[in-house]
Amino acid sequence: MSIARIIAGRSAASIVTAYADQPVREAIALLAKHRIGALPVMDGARCIGVFSERDVIYCLASEGAAALDKPVAELMSGPPVTVTTDTDVIEALGLVTRRRIRHLPVTNGDDFVGFISIGDLVKFRLDAVEREAQAMLSYIQTA
């Protein structure tokens, strides 16, 4: 199963994003308002990084309140670790585990087409395992 199945029906235009020159305090307000853990950071239509709760914690710990007025580009994690719509879900799960990250921009070439979290990946995989278990149970009961 590919990432395309996870993002099917989602619109990249509906994803809450930050911009490279946006002040950190505004990006934090977006995280809080939408109750989300990360934002893809955009430069025009291209994703150039990810700004997450972890970035907020690290920058405040090292620089204090002065970090709030810096542009997001100075504190984001970038360049982003990305996947494509063709990436297998298991491969993406391995990637987030190895890299110890929680969010992945989905791209096709330079085009930003989606944003997924480790929660999206785990839910998709658990749903697939549940369907397989139900199919196996149905097969056993009819055999």
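Strand 3 (46-52) and helix 3 (53-63) each contribute at least two residues to the lining of the largest pocket. The model is predicted. The largest pocket has a volume of about 330 Å³, and the second largest pocket has a volume of about 180 Å³. A nonpolar surface patch of about 240 Å² is formed by Ile-118, Val-122 and Leu-126.

**Largest pocket**

- The lining of the largest pocket consists of 18 residues.
- Nearest the centre of this pocket lie Val-50, Ser-52, Ser-77, Ile-101 and Arg-102.
- Helix 3 provides four residues, the largest share of the lining.
- By class, the lining residues of the largest pocket are seven nonpolar, five polar and six charged.

**Second largest pocket**

- Ser-14, Ile-15, Val-16, Ile-36, Gly-37, Ala-38, Pro-40, His-103 and Phe-115 line the second largest pocket.
- The lining of the second largest pocket comprises six nonpolar and three polar residues, with no charged residues.

**Nonpolar surface patch**

- Leu-126, one of the residues that make the patch, is located in helix 6 (residues 118-142).
- Leu-126 has a relative accessible area of 54% and is therefore exposed, the cut-off for exposed being over 50%.
- Ile-118 and Val-122 make up the patch together with Leu-126.

How values were computed. Residues are numbered from 1 along each chain as its sequence is written. This is a predicted model: local features need pLDDT of at least 70, side-chain atom pairs count only at pLDDT 80 or more; totals for chains, interfaces and linings use all residues. Side-chain values use heavy atoms; hydrogens and water are left out. Patches are made of residues with over 30% relative accessible area and no salt bridge: like charges are joined within 9 Å, nonpolar side chains (Val, Leu, Ile, Met, Phe, Trp, Tyr) within 5 Å. Accessible areas come from the Shrake-Rupley method with a 1.4 Å probe; for residues, only the protein chains shown count as cover. A salt bridge is a side-chain nitrogen of Lys or Arg within 4 Å of a carboxyl oxygen of Asp or Glu. Buried means under 20% relative accessible area, exposed over 50%, partly exposed in between (1.4 Å probe, protein chains only). On a 1 Å grid over the protein atoms alone, a cavity is a set of points where a 1.4 Å probe fits but cannot get out, and a pocket is an open set with protein on both sides within 12 Å along at least five of seven lines; lining residues have an atom within 4 Å of a point. Grid points are joined across faces, edges and corners, and a volume is the space filled by probe spheres set on the points. Ala, Val, Leu, Ile, Met, Phe, Trp, Tyr, Cys and Pro count as nonpolar, Asp, Glu, Lys and Arg as charged, and the others, Gly among them, as polar.
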